Amino acid sequence: SPGITFQRLVRTEQGLPVKNYQSSTVTVLLLNRSEVQSEFLSIAEKLSSSEPPQHSTLVLLLEHLYQANFGPHCDLDRLHPLLKSKPLEELSELYASAADAQEAAAASSDPVLARERLQAVLQDLAGAASLPAITGEAQHHKLHPIPIPPARCYTYSWDQDNFGESGVPRPR
């Protein structure tokens, strides 16, 4: 399924659940503040305090999903403002349906049929959401690079070298 690796990576790093495919990855890095350069601590704190809004992440994932599957036949210049204007709840439902279709295509044993079905579902979803028609016409649009958003990052500081009796670091 075109673009599935990117979709899974961003979904996992952003903690976005998708029906039947709810997985999450959390990386924990334990450091002694006195042994780490201040620049590293500054970056870690900045990453943990700035989280991309879920709305913009869903817009990015939908743009990627459509461009990955329709290539230059997908007009991201028209699609972007329409997706951006949708409320979070509608974007979440649209993305959940599109991601389910993509996961089903990835699980199929016939890649040609799976791609055809996925494209049909994506076109139906676009029509139902009043997004621009995406067809196999000869009209070509510019492909856009789609950046990977920074992963969600959490920091937790403690001021003692042990984890206490409960096994949990004591907050500072």
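**Figure 1. Ala114 sits in helix α6, residues 111-128.** Helices (H or I, at least four residues) and strands (E, at least two) are DSSP runs, numbered from the N terminus. The model is predicted: local features need pLDDT of at least 70, side-chain atom pairs count only at pLDDT 80 or more, and totals for chains, interfaces and linings use all residues. Residues are numbered from 1 along each chain as its sequence is written, and side-chain values use heavy atoms, with hydrogens and water left out. Ala114 counts as buried because its relative accessibility is 6%; buried means under 20% relative accessible area, exposed over 50%, and partly exposed in between (1.4 Å probe, protein chains only). Apart from neighbours within four places in sequence, Ala114 is in contact with Ala105 and Ser108, where contact means heavy atoms within 4.5 Å. Between the C-alpha atoms of Ala114 and Ala104 the distance is 7.9 Å, and these two residues are 10 apart in sequence.

**Figure 2. Helix α4, residues 76-85, has the buried residues Leu76, Leu79 and Leu83.** The buried residues of α4 pack against α3 (54-70) and α5 (88-107). Asp77, Lys84 and Ser85 are exposed on the other side of α4.

**Figure 3. Asp75 caps the N-terminal end of α4.** A side-chain oxygen of Asp75 is 3.2 Å from the backbone nitrogen of Asp77.

**Figure 4. Ser130 has a positive phi of about 60 degrees, although it is not a glycine.** Ser130 is placed in the segment after α6. Is this residue buried or exposed? Ser130 is exposed, with a relative accessible area of 57%.

**Figure 5. The protein chain has 6 helices and 0 strands.** Along the sequence, the pattern of the chain reads α-α-α-α-α-α. The protein chain has 172 residues, of which 33% count as buried. Among its contacts between residues at least 6 apart in sequence, 78% join residues at least 24 apart. The accessible surface of the chain comes to about 10,700 Å², and 54% of this belongs to carbon and sulfur atoms. Accessible areas come from the Shrake-Rupley method with a 1.4 Å probe; for residues, only the protein chains shown count as cover.

Key: Polar contact = N/O pair within 3.5 Å; in protein donor to acceptor, adjacent residues only side chain to side chain.
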